[in-house]
Amino acid sequence: LLKGRLEQLHNDSLEDKDLLKQSIEKFKEIKKEYSSIGISPAMLIQVDNEPSSDQIKREKFFETLTMTKNLLKEAGLSWVQYFGNNDKDASNVDNINFSLSKITRNNDTTDCIIFKIGPSTGWDIPRACMLLQLRNVCSDSLRIQTIGRIKRNPYPKLEKNPVTDKYYLY
């Protein structure tokens, strides 16, 4: 049921912007591979929580979020931001009223999902194959749950496939 081959990049010297650029380039390669099997892959981008009291950290949060969206747009990738049912945004006007069930489908064209801690326990998006964490995750259960979202097999009948058997963690 799970993807079996992890490709991990861990480089503490990279700034968020450089890490995002690198992951975008890799994701574009992955999209080409997935196109041959009829599944639209997804990249999950996990960002920090928005600080409530520290104005400097708050400004940094929005600066990083804007930079992320701009780089995705420049790369020609579509995105949705999901911080809860009442805090959503999308790059595509047609996606502005998206639902979690819509962006989960293997044929959905949304490339990237930007989130903080995950939409909900049990949210299943097998087409997600890459996780880019732009935050430090201190909770082991959150880390395991989030990585589990990119390890699910999207291939029909859950058969193994050299394209869908890989997952990427940045």
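Two strands count as paired if DSSP finds at least two bridges between them. The exercises below apply this to a predicted model.

**Exercise 1. Find the strands that pair with S5, and state the sense of each pairing.**

Solution. 
1. Start with strand S3 (residues 79-82). S3 and strand S5 (residues 112-115) are joined by four bridges and run in the parallel sense.
2. Look at individual residues. Trp79 stands opposite Cys112 in S5, and the bridge partner of Gln81 is Ile114.
3. Turn to S2, which also pairs with S5 in the parallel sense, over four bridges. Here Leu44 stands opposite Ile113 of S5.

**Exercise 2. Which way do the residues of S3 and S5 point, and are they buried or exposed?**

Solution. 
1. In S3, Trp79 and Gln81 point one way, and Val80 and Tyr82 point the other way.
2. In S5, Cys112 and Ile114 point one way, while Ile113 and Phe115 point the other way.
3. The cut-off for buried is under 20% relative accessible area. The four named residues of S3 are all buried, and so are the four of S5.

**Exercise 3. Describe the hairpin of S3 and S4.**

Solution. 
1. S3 pairs with strand S4 (residues 88-90) in the antiparallel sense, over three bridges.
2. Within this pairing, Val80 has Ala90 of S4 as its bridge partner.
3. Five residues lie between the strands of the hairpin, and Gly84 takes a positive phi near 135°.

**Exercise 4. What span should helix H1 have, and what do its buried residues pack against?**

Solution. 
1. H1 (residues 16-35) has 20 residues; at 1.5 Å a residue it should span 28 Å.
2. The buried residues of H1 are Leu19, Leu20, Ser23, Ile24, Lys26, Phe27, Ile30 and Tyr34.
3. These buried residues pack against strands S1 (5-8), S2 (42-47), S6 (128-134) and S7 (166-169), and against helix H2 (55-74).

**Exercise 5. Which element gives the most to the lining of the second largest pocket, and how does the lining divide by residue type?**

Solution. 
1. The second largest pocket holds about 160 Å³ of space.
2. Its lining includes Asp16, Val47, Asp48, Lys57, Lys60, Phe61, Thr64, Leu65 and Leu134.
3. H2 gives the most to this lining, with five residues.
4. By type, the lining has five nonpolar, two polar and four charged residues.

How values were computed. Residues numbered from 1 in each chain as written. Predicted model: local features only at pLDDT ≥ 70, side-chain atom pairs only at ≥ 80, totals over all residues. Heavy atoms only, no water. Buried < 20%, exposed > 50% of the residue type's maximum accessible area, 1.4 Å probe, protein only. Helix = DSSP H or I, 4+ residues; strand = E, 2+ residues; numbered from the N terminus. Expected span 1.5 Å × (residues − 1). Contact = heavy atoms within 4.5 Å. 1 Å grid on protein atoms, 1.4 Å probe; cavity = no way out; pocket = protein on both sides within 12 Å on 5 of 7 lines; lining within 4 Å. Points joined across faces, edges and corners; volume = space filled by probe spheres on them. Nonpolar A, V, L, I, M, F, W, Y, C, P; charged D, E, K, R; others polar.
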